[in-house]
Every structure is written in C-alpha cells, then in structure tokens.
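Me: I have a structure open beside me and would like to understand the words used to describe it. Could we go through them together?

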Amino acid sequence: MIKVKNLHKSYHGKPVLKGLDFQANKGEIIGVIGKNGAGKSTFLEIIMTLKSYDEGEVNVFGHDLKHLTEQKQQAIRSNISAVLQPTEFYKNLKVVELLRLFKAYYQSDLKIEQIIEDFKLESHKKTYFEKLSGGWKQKVSLAIAFLSNPKLIILDEPTTGLDPHMRNTLWSYIAEYNRKTGGTVILTTHYMDEIEMYCDKVCLINDGKAEVLTTPENILARGYSSINNFYLQNVEAI
Amino acid sequence: MLLTQLKYDLIMFSREIFYLAFSLIIPPVTYIFLGQLFGENTYANGLTYAEVYTPSFILLITFSVIFFAFGFEQVVNRSSGVEKRILLAPVSKKILLVSNILRSIIVTSVGYFFIQMLGIFVYNLPFDYMNFISSYAFFLLLNILLLIFASAIYSFFKEMKSALVFSIVIFQFVMFTGGFALPIEIMPKFVQMIAYLNPLYHMNQLFIAIWNNQLHFDTDTFLSLGYALFLLIISYLIIQRQRKTV
C-alpha cells in the first residue's frame, strides 16, 4: 500500500530525512516514534502529498508521488484522512457544521447522525470548534477523519495531552475503525505503551532514517523489557 | 460543492465580530459621522460630500473586507494548521479560491448597497441607472485588484500576531492617506507624498471620477492606472514565487 525508498528531504539546506525506507501493508497499525524534530511529521506530510521531497521513491496506492497530476493527487487524497498537529479546523463552525462540510468534501455516504452517535458527539454537536477542550477537539478530528472511510489514516500525535480516559476512548475508536474497514493506520506518538498495546509494527526514525521497522513482539524478543526501554536505549536524549 | 463552501464561508464571516466591525460597522458609522461634520462642504470639481465620500467609503469597505476577511484570514488558517488540513481534503484549490472570491464580492456588495442607500436617504445622493452599472462594474474590478494585492502581501506572513498588527496599521495608513478621512489636498506636503505611493489613493480617485461621470484620460488618470497595473504585475509575480516555495 505504501512503499518508501531512500527518501531525502531538507529544509534550507538542512537535511531532515536522509535516506528513509518504509513499507506499510493493508490493515496494519504502524506507530512511528523518534525524538522531537526527528522528521516524523515531515515524513507523514510527504506521504499525505502535502510536502514535496528532494530524492527517493514514494509510492502510495500504486502511484509515484513525484509525478502526480492535480487530479491524481486529489484521487489519492480522497483515500487519505488525517488528524494533524495542531488539531485545528474552522473555529467559527459548530461541530455538526464541520461534519457536514467535510462530508461534502469527501462526498461520503455516511450519515452525520450515525457519526455523531458512533463518536458520542451529541452533547457537543452545537458547540463551536474553538470552544471545545483538547480531548473533544481530537475526538471531533477523529470523527472527521473516519467520515470518509479512508484506506489510510494518518494520526500525528493524536493522544498528546489527553487524560488516560480520553486516550483510551480515542484508541478504542482507532482500533474499531481498523477492525471494521481494514484500513491502514500510521501514527506518531510519544507514548510507548500505546505502541505496545495497539500497534502491529513500530518504526523508529533516528538521524533521518528508519532505523527499525518491525513488530513490537520482535523488539521485546531482543531482550528489552518494554518499548519504552528500547526507545531509551536507542535514542539519544536531546 | 462550491455552494456548500460558499455557504459556510459566509456563515464564518458573519460570526467574526472583528471582521464585521472593521468592514461593515466602522466605515458606515464614519461615513455618517464625517457627513455631519463636513456635509455642507464643496469638494474638488464642485462635488458634494456624498458624491466624493460615497464611492470612497464603498472602497474603504471593500479594502477592509478583502484585507481582513480574505488576506488576514489566510494567515490565520495557515498559522493555526487549518489550511494544511483543508489541503488534505479532496476539495480543489479552485473551489476554495472561487468561494473566497465570491464571499468577498457578496460582502463588499452588501457594503456597496448599504453605503449607497445611506447616501440616497441621508444626503440626497442622486441615482442614475447607467452610472450605477459603470460604477458597479469598476467596483468589481477594484475587488479583483485588491484580492490579488491582499494575496500577495499576506503570503509573506506566517504568524497571526504580526499579520494582525500589520492589518491594523495598514487600515489606519489607508484611511488617512487614501483620502477617506480628509481630502489629501489639505494635508501636510509629506502626507501628500506618501499618499501618492498608496495604491488605494489612486483607486479612490479613479472610483470617484467614474462614480461622478468625470473620468478624463489625462496624465493623472494614466499615472493611476499605470501604478495599479505595475502593482498588479508585482503581486502576480510574488504569488507565483510563493506557490513554488512549498
């Protein structure tokens, strides 16, 4: 579904990605980890067709991203949804209005009422987006992301700053989406327990490269007591 | 899709007090207030207060709507991450742009008719059908020019705070050097010099002339048109350059 080979990207001459390789298959949940500034968000934005890259091959749904017409780009984007960082939408729209607008963007067949019910948004559906708490903003973002039944969902630190209950709620939605639709989920997180509990694979980005891309079980089988322990031993503190 | 986007763009505009205040409240209030002070005066070419300041305040509203609700809004969306999220959605940039342009035209047209009605009912401004058509057509042209200028200028801003400060300063600058508050001719020499560099001053002079059927193709007119064209080309080049640097 996604194949990345020797990906290079730099900002004003400063290299961020230095030959990154990556692969994701249908139905996988892959957690991308690495320290702040490692290039995780840049990598995800390249996959989402939001950013250009300098060198390498990036293939998403069988399309080479280097040679995309605007129509093809839009076709790819219609199969991708995301929760980005920071989580922001039009602040002056109410939750239900945002859902309607994005339903129109994605030409989704799903009923707004169904999404509101699935994500338990009833109590906040008439609240302006800017008035929502961080957790509710993430919840609405996820609802919008799932609205289109995408083949690929990209979540950039979806649970950062949320309390354990809200984190648990969001993960139950992500897992349920993955189970129901067989869609692929790629996410970044700084919570290593989430990687261990929910992800099929973990990708460690360090010094601009994917140093590790394997299952959490394989990492634990190498003798690490936890993914957190693996991270601390393999990633230098800033 | 275009109608849906336009509907929500208009809803968002109507809910933003900051935009409403600077575009649809302050200019009409100032128009009435200045009219109470200078309503009896006669201006250049024998024009009345209403004949000079009705097109001027329509242009001021157009400027405020486009610079705040179009230009500044772009920076807000860019800096908050909204732009990135919308870009990812499968909606074409053309639809977003056309919707934004239509919103600006609709809102500024409301301002146009509002000020014209005030002029007719408060200052007995005469109404001529043919003149209305030519003025409105020129007003649409001014809309397009200002949309391009705003796109170019605000493409430099990444942070909302700096864009906000710039917007408030530029509003004051335009208000005083565009001939919207007091005639430029009565201002100090250095203000007059600055005014000639202000494109809104030239647009204002042209609009007043067209509104009052007094447009003559003399040196001043060609200078104003040439200056607007020059800025249009510069703005276009800036927009193209900024698009490439993603």
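Me: Where in chain A does A:Asn149 lie?

Reply: Happy to start there, with the reminder that this is a predicted model. A:Asn149 is in the loop between H5 and S7 of chain A.

Me: Why is A:Asn149 called partly exposed?

Reply: A residue counts as buried with 20 or more other C-beta atoms within 10 Å of its own, and as exposed with 12 or fewer. A:Asn149 has 15, so it falls in between and is partly exposed.

Me: Which residues does A:Asn149 touch, leaving out those up to four places away in sequence?

Reply: Its contacts are A:Ser108, A:Leu110 and A:Thr181. A:Ser108 is 41 residues away from A:Asn149 along the chain, and their C-alpha atoms are separated by 7.8 Å. The cut-off for a contact is 7 Å, but it applies to C-beta atoms placed from the backbone.

Me: And where does H5 of chain A lie?

Reply: Helix H5 (residues 134-147) lies across S6 and strand S7 (152-156) of chain A, and runs at about 180 degrees to S6(A).

Me: What makes S6 and S10 of chain A edge strands?

Reply: Look at the order of the open sheet of six strands in chain A: S6-S7-S8-S3-S9-S10, with mixed pairing. Strand S6 (80-83) and strand S10 (209-214) each have a single partner strand, so one side of each has no neighbour in the sheet. From one strand to the next, the twist averages 15 degrees.

Me: How do you know that S3 and S8 of chain A are paired?

Reply: Pairing takes at least two bridges found by DSSP. Strand S3 (residues 29-33) and strand S8 (residues 184-188) of chain A are joined by four bridges, so they count as paired, and they run parallel. Within this pair, A:Val32 stands opposite A:Thr188 in S8(A).

Me: How many residues of chain B are in contact with chain A?

Reply: 18 residues of chain B are in contact with 22 residues of chain A. On the chain B side, H4(B) gives the largest share, five residues. By class, that side has ten nonpolar, four polar and four charged residues.

How values were computed: Residues numbered from 1 in each chain as written. Chains lettered and ligands numbered in written order. Predicted model: local features only at pLDDT ≥ 70, side-chain atom pairs only at ≥ 80, totals over all residues. Helix = DSSP H or I, 4+ residues; strand = E, 2+ residues; numbered from the N terminus. Axes fitted to C-alpha atoms, helices over the stretch in contact; angles between N-to-C directions. Contact = placed C-beta atoms within 7 Å. Nonpolar A, V, L, I, M, F, W, Y, C, P; charged D, E, K, R; others polar.
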